[in-house]
Amino acid sequence: MALVLNFLGTGTSQGVPVINCCCDVCKSKDARDKRLRSSVLISVDKQSILIDAGPDLRSQLLRTPLPMPTSVLMTHAHQDHTAGMDDLRPLIHQNKSAFPVYAEANVQERLRQQFSYAFAEKKYPGAPSFALTTINESPFFVNQTKITPIRAWHGSLPVLGFRISDIAYLTDVHTLPESEKQKLKNLDVLILNALRHKPHHSHLTLSEAIQLAKDIGAKKTYFTHISHHLGRHESVQLPQGMTLAYDGLTLYVNN
Ligand SMILES: [Zn+2]
Ligand SMILES: [Zn+2]
Ligand SMILES: [Zn+2]
């Protein structure tokens, strides 16, 4: 199966540069230090699967070379992963159909609050429509594509990562239960969050992410959901087979 993955964004919740910050990273001229909120678009089996829809979605989709998303998988309900749902309106209007959203029940509850106008009985003309499918830890299919959810913990909040073929995307992870590591064997590509160097209550630090990536043992690991505290892209040293992702990076994976 041929799969193409584009990093739409690789930044933490405030993005990089941070508004009104004058640090070395925020002032960097390196394009790889400009990080929109984290999201990926995966082109596989003639569909285009978006993972998360953050507040930068409009500008991310305007610059992506891949076909426009045909569905979205939600990792969790934090604002930096959901706030861009309204930006799917042009696709909803062009396709004249509700946009397919795969999310856990607790995430759906938050989406119904956050986008109450999209779920209202009497909707304002032009409001978006979403077709929600409830997922849990069991594998599911988006058309013919098998998706294996991975349960992880974002502090005390349960989140889902997703494995598609031999790639896996896990963001906003702080701990990963041993049992879930079994689902991550023989990966070609692992994408994992690495916030900064200092410990955080709900995110992996870079050294914790490196250790977890070594345990999982994918052929190649990319780190995402990066804060300005991690340092400039070019200055971060990593073990062989591991690299920082950056916005616009495109991976071609053949199985
Ligand atoms: Zn986040
Ligand atoms: Zn900064
Ligand atoms: Zn989060």
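Is Cys21 buried, partly exposed or exposed? Cys21 is partly exposed, because its relative accessibility is 24% (buried means under 20% relative accessible area, exposed over 50%, partly exposed in between, with a 1.4 Å probe and protein chains only).

Before you click further: this is a predicted model, where local features need pLDDT of at least 70, side-chain atom pairs count only at pLDDT 80 or more, and totals for chains, interfaces and linings use all residues. Residues are numbered from 1 along each chain as its sequence is written, chains are lettered from A and ligands numbered from 1 in the order written, and side-chain values use heavy atoms, with hydrogens and water left out.

**Stop one: ligand 2.** Select this zinc ion and you'll find Cys21 (SG), Cys23 (SG), Cys26 (SG) and His228 (ND1) as its protein donors, 2.1 to 2.3 Å away (donors are N, O and S atoms within 2.8 Å of the metal, or 3.2 Å for Na, K and Ca; water is not among the atoms, so sites may look incomplete). Angles of 105 to 114° among the 4 donor atoms make the site tetrahedral (four donors with all angles between 85 and 135 degrees). Cys23 is partly exposed, at 25%.

**Stop two: ligand 1.** Now pick the zinc ion held by Asp80 (OD), His81 (NE2), Asp172 (OD) and His225 (NE2), at 2.1 to 2.2 Å. Its 4 donor atoms subtend angles of 92 to 163°, so the arrangement is irregular. Color His81 and His225: both are buried, His81 at 0% and His225 at 1%.

**Last stop: Asp172.** Asp172 bridges the zinc ions of ligand 1 and ligand 3, which lie 3.4 Å apart.

Notes: Tetrahedral: all angles 85-135°; square planar, octahedral: opposite > 155°, others 65-115°.
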